[in-house]
Amino acid sequence: MDTHSALFEQGRKRLEALRQLPPRQETSLQERMLKLGITRRDFMKWSASVTALLALPLPFTNLVAEAAELADRVPLIWLHLAECTGCSESLVRTDTPNLDSLIFDHISLEYHETLMAAAGWQAEENLEHAMEAYKGNYLLAVEGAVPTANNGTFLTVGCKGHTGMQIIKEAAEGAAAIISVGTCASFGGVQAAAPNPTGAKGVYEVIDKAVVNLGGCPPSEKNIVGTLMYFVMFGRLPALDMFNRPKWAYGARVHDNCERRGRFDAGEFVEKFGDEGAKEGYCLYKVGCKGPYTYNNCPTERFNHHVSWPVLAGHGCMGCSEPNFWDDMADFEKPLGRQLLHGLDATADTIGGVILAATVVGIGAHAVASVFAGSKED
């Protein structure tokens with residue numbers, strides 16, 4: 001049996017088991033879609049797009065659709081630690097209801113401080129009840145870094161004054177899987193920038209269980225929903241890269257899929273914001289784009305209903321999905337040059353004509369010379 005056949009069978013068995021559980025939502029996903037004017041055809045198109053996003057063959061489309069309909073059988077606890085809530089905003093602040101936000105609405109969201117009506121002691125009771133009632137079965141999503149200095153006292157949450165470090169350790173113990181949503185939860189984010197007085201860390205650094213890191217400030221709503229759907233469908237974590245990010249979302253460099261890549265190859269660069277090159281859509285490397293050093297699917301998935309992303313809008317990638325980006329990628333409007341070129345995988349297509357030829361990157365000598373000229377000037 002090949003890999004995809006085995007995975008399909010695993011998904012089929014997982015969904016059959018979920019189907020035996022009682023629904024936790026009063027209305028079905030189909031009823032919600034009907035109320036919002038979303039057709040079955042639209043739903044299947046969305047399922048096909050998620051299947052492609054997850055790098056699965058087309059026959060998995062029906063599994064994705066079924067998993068979405070059964071998503072309310074999977075309890076989700078969503079914690080907020082040291083963060084700005086931008087990751088939740090990325091997912092729920094759509095101008096019109098779409099299927100990504102609808103699926104998130106349909107899942108059994110047991111605790112989410114931003115979205116729930118409960119407050120104070122009732123909120124504490126909701127969290128404690130969810131962790132106990134669904135122990136070993138709930139999906140835990142964490143938004144925000146974990147302050148660890150002074151035994152975690154730089155962040156206390158709720159009327160009981162528990163530290164974020166205490167909350168995440170208790171919640172992680174009973175979780176079936178853990179997702180760090182955004183760069184703060186994944187790697188500490190701006191809270192962990194030098195000198196990091198609060199000792200902010202990524203979730204994976206304070207617990208001893210596997211964690212999926214969804215880097216990005218914020219990550220695409222597609223990456224959040226896609227990861228949720230993968231767990232609903234298979235009951236397991238997806239294949240991960242060296243930083244525990246899903247390979248289907250973070251397997252390619254931003255630079256490689258950028259719509260301005262051709263401009264880079266041709267040696268056409270924006271020299272300063274607002275110049276003629278900027279108006280013509282030239283490459284933003286010389287004004288600080290970190291796309292060559294960053295792994296994410298921003299150019300293909302974009303934001304705001306697939307409308308745009310920072311580079312298309314005219315500002316270079318900041319490398320926000322990478323560990324320590326706030327320190328390693330600064331200055332955000334100047335090129336890094338050779339600063340991060342520590343290995344073949346980090347050449348960023350700028351290391352020089354000899355290595356470029358050896359790695360068959362195929363960038364013209366004039367482009368390389370132009371890049372290095374800009375780096376030396378800075």
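**Loops, a sheet and its helices**

Asp 331 sits in the loop between helix 17 (325–328) and helix 18 (353–358). In this predicted model, a cis peptide bond links Asp 331 to Ala 330, with omega at about -5 degrees. Another cis bond turns up between Cys 217 and Pro 218, where omega is about 5 degrees. Pro 218 belongs to the loop between strand 9 and helix 10.

Ala 55 is not a glycine, yet its phi is positive, near 60 degrees. The residue lies in the loop between helix 3 (40–53) and helix 4 (61–69), and Ala 55 counts as exposed because its relative accessibility is 54%, with the cut-off for exposed set at over 50%. Asn 196, also not a glycine, has a positive phi of about 50 degrees; its loop runs between helix 9 (183–187) and strand 8 (200–201).

Five strands form an open sheet in the order 2-1-3-7-9, paired in parallel. Strand 2 (108–112) and strand 9 (212–214) are the edges, each pairing on one side only. On average, neighbouring strands are turned by 20 degrees against each other, direction ignored. Strand 1 (residues 75–80) and strand 3 (residues 138–143) run parallel and are joined by five bridges, and His 80 stands opposite Glu 143 of strand 3.

Helices pack on this sheet too. Helix 8 (residues 164–173) lies across strand 1, strand 3 and strand 7 (175–181), at about 155 degrees to strand 3. Helix 10 (residues 221–234) touches strand 1, strand 3, strand 7 and strand 9, and its direction makes about 170 degrees with that of strand 7.

Technical notes:
Residues numbered from 1 in each chain as written. Predicted model: local features only at pLDDT ≥ 70, side-chain atom pairs only at ≥ 80, totals over all residues. Heavy atoms only, no water. Pairing = 2+ DSSP bridges. Helix = DSSP H or I, 4+ residues; strand = E, 2+ residues; numbered from the N terminus. Axes fitted to C-alpha atoms, helices over the stretch in contact; angles between N-to-C directions. Contact = heavy atoms within 4.5 Å. Buried < 20%, exposed > 50% of the residue type's maximum accessible area, 1.4 Å probe, protein only.
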